[in-house]
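Please look over the sequence and the 3D structure shown here. The notes after them are meant as a short briefing.

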Amino acid sequence: MDLIADGNFATPSFAGNFYQFSNADEPSFPWKIAWVDSSIDPTTNPPKAELQKPSGGNLYLELASTAPYQISQTITPQPGQDYVFSFRAKARKGYPSDFLARLTKPNGVVVEYHIKPGADWQTYTFCQCPTGKEVVVTFVGLGKNDGGAFIDDVHYVN
Ligand SMILES: [Ca+2]
């Protein structure tokens, strides 16, 4: 069973090639969006995620909109079961696209992977994943401008 809600970034639907939106704009978007730069006031400048829609229509996330942001989702992997955490990622050509894939355990301990995506889509897979109530899965953009990593197909599966 996959514990990630909409790891394929299939929603929300939109016209055009890309869409920047806040959690308030799209309340059903299951990822919580936050700016990485704490000096940006989220009340006057709500953090926005960005979805890309290439020809063919398979939506994916870009981990920068007007600034780098992070998205997170809280899941409940059952103790005693083995899970595999995976996703696909690719760099936006010409932009710093490093990011962190972070798993925060229920005890607050963080397991973090520094991802440096390449020019082509690549699948990243991690095992021995945390279990328990309120494991937080977070992707943190490390770019410095309005372009960043592309991410798709996030799974946390047993
Ligand atoms: Ca997708």
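This is a predicted model: local features need pLDDT of at least 70, side-chain atom pairs count only at pLDDT 80 or more; totals for chains, interfaces and linings use all residues.

Residues are numbered from 1 along each chain as its sequence is written. The chain has eleven strands and zero helices. Here helices (H or I, at least four residues) and strands (E, at least two) are DSSP runs, numbered from the N terminus.

**Overall form**

- The C-alpha trace of the chain spans about 45 × 35 × 25 Å along its principal axes.
- The radius of gyration of the chain is 15 Å, which agrees with the value near 15 Å for a compact globule of 158 residues. This radius is taken over C-alpha atoms, and the globule rule is 2.2 Å times the number of residues to the power 0.38.
- Of the 158 residues in the chain, 32% are buried. A residue is buried if 20 or more other C-beta atoms lie within 10 Å of its own, exposed if 12 or fewer, and partly exposed in between, with C-beta atoms placed from the backbone.
- Among contacts in the chain with a separation of 6 or more, 77% are between residues 24 or more positions apart. Two residues are in contact if their C-beta atoms, placed from the backbone, lie within 7 Å.

**The six-stranded sheet**

- Strands of a sheet pair through backbone hydrogen bonds, either parallel or antiparallel.
- Six strands form an open sheet in the order β1-β3-β4-β11-β6-β9, with antiparallel pairing. Two strands pair if DSSP finds at least two bridges between them.
- β1 (18-21) and β9 (122-126) each have a single partner strand, so one side of each is left without a neighbour in the sheet.
- β6 pairs with β9 in the antiparallel sense over five bridges, and Ala 89 stands opposite Gln 122 in β9.
- β6 and β11 also run antiparallel, joined by six bridges, and Arg 88 stands opposite Asp 152 in β11.

**Nonpolar cores**

- A nonpolar core is a set of buried Ala, Val, Leu, Ile, Met, Phe, Trp, Tyr and Cys residues joined through C-beta atoms within 7 Å.
- The largest nonpolar core has 24 residues, and Leu 61, Leu 63 and Ile 151 touch the most other members.
- Strands that each supply at least two residues of this core include β5 (69-75), β7 (99-104) and β10 (135-141). β11 gives the most to this core, with three residues.
- Leaving aside its neighbours within four places in sequence, Leu 61 is in contact with Phe 9, Ala 49, Leu 51, Phe 150, Ile 151 and Asp 152.
- A second, separate core has nine residues, among them Leu 3, Tyr 83, Leu 103 and Tyr 156.

**A loop residue**

- Gly 57 lies in the loop between β3 and β4.
- Gly 57 counts as exposed because it has 8 C-beta neighbours inside 10 Å.
- Gly 57 and Ala 10 are 47 residues apart in sequence, and their C-alpha atoms are 9.2 Å apart in space.
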